[in-house]
Amino acid sequence: MSVSFEKIEELRKRANISYEEAKILLEKHQGDMVEALIELEKSKKIHSRADGADSFFEKLKGLFIKGN
């Protein structure tokens, strides 16, 4: 299956991965961007927003405790 340059570019930007990685993932998932992103999350190459939010709140909690 051939994947459009636009899809490769979009995945590359969203996931901060190389063009080659983006192309391989999109071909593997028949151009499905969501499935490609899910695979990257599962392989821990990118983090979901929830992971980032948890980390942010843990840091904030640590600063609050340290300040008191």
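Me: Which residues have the most contacts inside the largest nonpolar core?

Reply: A nonpolar core is a set of buried Ala, Val, Leu, Ile, Met, Phe, Trp, Tyr and Cys residues joined through side-chain atoms within 4.5 Å. Buried means under 20% relative accessible area, exposed over 50%, and partly exposed in between (1.4 Å probe, protein chains only). Here the largest core has 13 residues, and those with the most contacts inside it are Leu11, Ala15, Ile17, Leu25, Leu26, Leu37 and Leu40. The model is predicted: local features need pLDDT of at least 70, side-chain atom pairs count only at pLDDT 80 or more, and totals for chains, interfaces and linings use all residues. Residues are numbered from 1 along each chain as its sequence is written, and side-chain values use heavy atoms, with hydrogens and water left out.

Me: Which helices each supply at least two residues of this core?

Reply: Helices (H or I, at least four residues) and strands (E, at least two) are DSSP runs, numbered from the N terminus. The helices in question are α1 (5-15), α2 (19-28) and α3 (33-42). The largest share, four residues, comes from α3.

Me: What is leucine 40 in contact with, leaving aside its neighbours within four places in sequence?

Reply: Contact means heavy atoms within 4.5 Å. On that basis, leucine 40 touches Leu11, Ala15, Ile17, Leu25, Lys45 and Ile46.

Me: At what angle do α1 and α3 pack?

Reply: Axes are lines fitted to C-alpha atoms, for helices over the stretch in contact, and angles run from 0 to 180 degrees between N-to-C directions. For α1 and α3 the angle is about 30 degrees, and the axes are 11 Å apart. Lys7, Glu10, Leu11, Arg14 and Ala15 of α1 make this contact with Met33, Ala36, Leu37 and Leu40 of α3.

Me: At what angle do α1 and α2 pack?

Reply: That angle is about 115 degrees, with the axes of α1 and α2 9 Å apart. From α1, Phe5, Lys7, Ile8, Glu9, Leu11 and Arg12 meet Tyr19, Ala22, Lys23, Leu25 and Leu26 of α2.

Me: How many aromatic pairs does a search of the whole structure find?

Reply: Rings of Phe, Tyr and Trp (its six-membered ring) pair if their centres lie within 6.5 Å; planes under 30 degrees apart count as stacked, over 60 as edge-to-face and the rest as tilted. The search finds one pair. Phenylalanine 5 and tyrosine 19 are stacked, at 6.1 Å centre to centre with 15 degrees between the planes. Phenylalanine 5 lies in helix α1 and tyrosine 19 in helix α2, so the pair ties together parts 14 residues apart in sequence.

Me: Is phenylalanine 5 buried or exposed?

Reply: Phenylalanine 5 counts as exposed, because its relative accessibility is 52%. Tyrosine 19, with a relative accessible area of 39%, is partly exposed.
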